[in-house]
Amino acid sequence: MNNRNFNYDIMPEIKERWSSRAFSDKKIKTDDLMAVLEAASFAPSCFNEQPWRFVIGDTKQSKEKLCGLLYEGNQKWACNAPVLILVLSYKYFSSNSKDNYWHMFDTGTSWGYLSLEAWRRGILAHAMGGFSRKRTREELNISEDYDIVTIIAVGYPGDKTKLPEDLQDREHPAVRKPLSSLILDIDESGKLK
Ligand SMILES: Cc1cc2nc3c(=O)[nH]c(=O)nc-3n(C[C@H](O)[C@H](O)[C@H](O)COP(=O)(O)O)c2cc1C
């Protein structure tokens, strides 16, 4: 089922990418993993601060650690992926230690780059907010200088019939709000309509 409609000719990876939960346990080649992280690292950022940080769970021990932080609904499928990546975001400008208001915006951009390069390589990347940020900070001893952003499941597509039935029903690209509902106009008095 694909109910997505496109009116314009945009990058195929943007049109095709979606967040599947059906992962194979096939190991990811180191070069592929490093390439998607390199893509993420080339996102633009305010003052070129590059606030994104990636904690890679690609060994039995490190993956189990990150898997254990996920909420149960996500553990059911995400721990099948061969790699979990915890994304952190540095909150300050390193040049002057002032607050960097844009750090989450920039780290979000880097996740977007990561997901598209992954898709281009036939790799699924599924971001999750469903995990305990409190336990993540405590158990991994993460400094308050970083916000805890997301855990991303990364791996090759697998067999959707191995997922619990309720999740099988959700194995399709999600639709989007109409573009016209996302564009806000300024009226004659200079205020938002
Ligand atoms: C920051 C963020 C957090 C998300 N958290 C979860 C999650 O905890 N569990 C889950 O199954 N999907 C999660 N998703 C996936 C979204 O539900 C999905 O991206 C959205 O429905 C749009 O679908 P698409 O990615 O297939 O286009 C998350 C996505 C993002 C970007």
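These legends describe close-up views of a predicted model.

Figure 1. The protein has seven helices and four strands. From the N terminus on, they run in the order α-α-β-α-α-β-α-β-α-β-α. The C-alpha trace spans about 55 × 45 × 30 Å along its principal axes. The protein has 193 residues, and 25% of them count as buried.

**Figure 2. The shell around the ligand.** Ten positions can be picked out by name here: W18, S19, N74, A127, M128, G129, G130, T150, P173 and A174. What classes make up this shell? Five of the residues are nonpolar and five are polar. None is charged. M128 also belongs to a strand pairing, with I151 in β4 as its bridge partner.

**Figure 3. Strand β4 and its two partners.** Strand β4 covers residues 146–155. Is it mostly covered or mostly open? Seven of its 10 residues are buried, so the strand is mostly covered. Strand β2, residues 83–90, pairs with β4 in the antiparallel sense. Eight bridges make up that pairing. One of the links sets V83 against V154 in β4. Strand β3, residues 124–128, also runs antiparallel to β4. Five bridges join β3 and β4. In this pairing, M128 has I151 of β4 as its bridge partner.

Figure 4. Helix α2 holds 12 residues, 30–41. At 1.5 Å a residue the helix should span 16 Å. Its end C-alpha atoms are 16 Å apart, which agrees. Which residues of α2 are buried? They are L33, V36 and A40. Seen down the axis of α2, the buried residues fall within an arc of 65°, so they line one face of the helix. The face turned away from that buried side carries the exposed residues T30, D31, M34 and E38. The buried residues of α2 pack against β1 (52–57), β2 and α5 (103–120).

**Figure 5. Helix α5 and what covers it.**

**Figure 6. D106 within helix α5.** D106 sits in helix α5. Why does D106 count as buried? It has 21 other C-beta atoms within 10 Å, and 20 or more make a residue buried. Leaving aside neighbours within four places in sequence, D106 is in contact with A43, S45, C46, E49 and P51. D106 and Y90 lie 16 residues apart in sequence. In space they are 10 Å apart, C-alpha to C-alpha.

**Figure 7. The loop between β2 and α5.** Two serines of this loop are shown, S94 and S97. S94 has 11 C-beta neighbours inside 10 Å and counts as exposed. S94 and Q50 are 44 residues apart in sequence. C-alpha to C-alpha, S94 and Q50 are 10.0 Å apart in space. S97 is exposed too, with 9 other C-beta atoms within 10 Å. The phi of S97 is positive, about 65°, although S97 is not a glycine.

**Figure 8. N48 in the loop between α2 and β1.** Where is N48 found? N48 belongs to the loop between α2 and β1. Its phi is positive, about 55°, although N48 is not a glycine. Is N48 buried or exposed? N48 is exposed, with 7 other C-beta atoms within 10 Å.

Notes: Residues numbered from 1 in each chain as written. Predicted model: local features only at pLDDT ≥ 70, side-chain atom pairs only at ≥ 80, totals over all residues. Near = placed C-beta within 6 Å. Nonpolar A, V, L, I, M, F, W, Y, C, P; charged D, E, K, R; others polar. Buried ≥ 20, exposed ≤ 12 C-beta atoms within 10 Å, placed from the backbone. Pairing = 2+ DSSP bridges. Expected span 1.5 Å × (residues − 1). Arc of directions from axis to C-beta. Contact = placed C-beta atoms within 7 Å.
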